[in-house]
Amino acid sequence: QSVNEELTTVNQELKNKVDEISRVNSDLQNLLSATDIGTIFLDRELRIKRYTPPVQELFNLIAADINRPLAHVTHRLRYDDLLNDAARVLERLTTMEREVQHQDGRWFMVRLLPYRTLEDKVDGVVLTFVEITQRKLTEQRLLESHNELEARVSERTAELEQVNAALRAEVAERREAEAARQAVLRQLVRAQEEERRRISREIHDGLGQELTGLLLGIHALREAGTDRKQIVAHLDRLQAAVERIGQELRQLARGLRPAALDDLGLVAALANFIDDWSQQTGIQVEFHAGSLTGVRLPPELETTFYRVILEALHNIQKHAAATRVSVLMERSDGSVMAV
């Protein structure tokens, strides 16, 4: 009777444990059925021990595949190293993660980790498959946005570089223009000084001597007394001196700014000056204006051509020792040339 009672107690304890294990198995089965994460449990020989229903979308699994090697089961993942990675997890006892693509284009995060018992013994491998398609699409959009932003930044940088280069070129051009303007101003100042010296020299050498002669003639006229012949002779010399002074004054005025340049134009002013200059210097001058005859140019151009030609003639008189000079002016294709 004591043995029977003891056996009854043991049987009751075993029944309670069986019921508890049954409840745990039921909870585990419901947990595996309810989860959306595809999971496969493998033993140390990489045979299938258990799997969750979602994994059947990836592997061709049926209930009869329990205890079959995973290598005998086909799958739809582009993951040729699945078995090798599972073997490495068993060998190194480390967790491994891979991002793999489904044949239909979806993406999954595959996580392989050692299967540990309650006694902390490694008894296989657990494979989990979590779909990350949305995350991959988001990453792809972010990458495209990043690349587009980089392209825009590069394009904008290139545009800014072109603008900066244009600005630098413009600054350099303006500096060159300013340097050229300063050089022109210096040349203008030198030309003005040269012109002043020339006018001063002509006044001193020409008009000064004539005025001196005029004063001497007036003094001689005063000393002539009542001798009519001497008075007439002195008056003739004084008249000639006055005429020469007037001629030099007119020539000097033409050199500065002839009235004919404003009234008649460049060609007529040059023709008058060249005739007087030829008579004064004894140098024969041929002047041809071509199609410019009767044509008025802008005032600044007429003044520039007039002064350039006058300076050239003065240089010829001083340095060239020429006996014949040709001055040619021609207009062609909207430009004017003088040689």
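**Ground rules.** I'm looking at a predicted model, where local features need pLDDT of at least 70, side-chain atom pairs count only at pLDDT 80 or more, and totals for chains, interfaces and linings use all residues. Residues are numbered from 1 along each chain as its sequence is written, and side-chain values use heavy atoms, with hydrogens and water left out.

**Helix pair.** I looked up H6 (residues 266-281) and H7 (residues 299-320), which pack at about 15 degrees with axes 11 Å apart. Helices here are DSSP runs of H or I with at least four residues, strands are E runs of at least two, and both are numbered from the N terminus. H6 and H7 are therefore roughly parallel (angles under 35 degrees). The contact (heavy atoms within 4.5 Å) includes Phe-273 and Trp-277 of H6 and Tyr-306 and His-314 of H7. By class I find 11 nonpolar, three polar and one charged residues in the contact of H6 with H7.

**Leu-46.** I noted a positive phi of about 60 degrees here, although Leu-46 is not a glycine. Leu-46 sits in the loop between strand E1 (38-42) and strand E2 (48-51). Is Leu-46 buried or exposed? Leu-46 is buried, at a relative accessible area of 15% (buried means under 20%, exposed over 50%, partly exposed in between, with a 1.4 Å probe and protein chains only).

**Leu-93.** I found a positive phi of about 55 degrees for Leu-93, again not a glycine. Leu-93 is in the loop between helix H2 (82-92) and strand E3 (96-101). With 40% relative accessibility, Leu-93 counts as partly exposed.

Technical notes
Axes fitted to C-alpha atoms, helices over the stretch in contact; angles between N-to-C directions. Parallel < 35°, antiparallel > 145°, perpendicular 65-115°, else oblique. Nonpolar A, V, L, I, M, F, W, Y, C, P; charged D, E, K, R; others polar.
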